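Hello,

Here is the structure you will be working with. Please open it alongside this note; my findings follow below.

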Amino acid sequence: MGVVQTDAGVANTLPEDAGAASGLINTMHQIGSSVGLALIVGLTGGMTHGVDSYRQPLLMSTICAAIALVIIVFVVIPGEQREN
């Protein structure tokens, strides 16, 4: 999946800028993953009560993924359509 995101991220760049754009996208993937994991662990790390210790982190992950999907559908895709 990361390859598809990188391809989409460098699709409209100039050939001489494609390497820098790809590096920036890969860096943001790693930083975003680290920040997301830190956020989920920070918010749910103190929960050690049976099933809740699994339910809450999974719920937080699902909420983060849903927010990202909403941003993509309502912000990123319409912005790309305006440019074309």
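Helix α2 covers residues 18–44, which is 27 residues. In this predicted model, α2 reaches 39 Å from its first C-alpha to its last. That is close to the 39 Å expected at 1.5 Å a residue.

Four residues of α2 are worth a look: A21, I25, I40 and T44 are buried.

Take A21, which is found in helix α2. Its relative accessible area is 15%. Buried means under 20%, so A21 counts as buried. What does A21 touch, not counting residues up to four places away in sequence? The contacts are V10 and T13. A11 sits 10 residues from A21 along the chain, and their C-alpha atoms are separated by 9.7 Å.

Next, the surface. A nonpolar patch of about 1,000 Å² is made by L59, I63, I67, L69, V70, I71, I72, V73, F74, V75, V76 and I77. One of these patch residues, L59, has its place in helix α3, residues 52–83. Is L59 buried or partly exposed? It is partly exposed, because its relative accessible area is 42% and that class lies between 20% and 50%.

Now the chain as a whole. The secondary structure comes to three helices and zero strands. From the N terminus on, the order is α-α-α. The chain has 84 residues, and 11% of them count as buried. It exposes about 6,600 Å². Carbon and sulfur atoms supply 68% of that area.

Best wishes

How values were computed: Residues numbered from 1 in each chain as written. Predicted model: local features only at pLDDT ≥ 70, side-chain atom pairs only at ≥ 80, totals over all residues. Heavy atoms only, no water. Helix = DSSP H or I, 4+ residues; strand = E, 2+ residues; numbered from the N terminus. Expected span 1.5 Å × (residues − 1). Buried < 20%, exposed > 50% of the residue type's maximum accessible area, 1.4 Å probe, protein only. Patch = residues over 30% accessible without salt bridge, like charges linked within 9 Å, V, L, I, M, F, W, Y side chains within 5 Å. Areas by Shrake-Rupley, 256 points an atom, 1.4 Å probe, with all protein chains shown as cover. Salt bridge = Lys/Arg side-chain N within 4 Å of Asp/Glu carboxyl O. Contact = heavy atoms within 4.5 Å.
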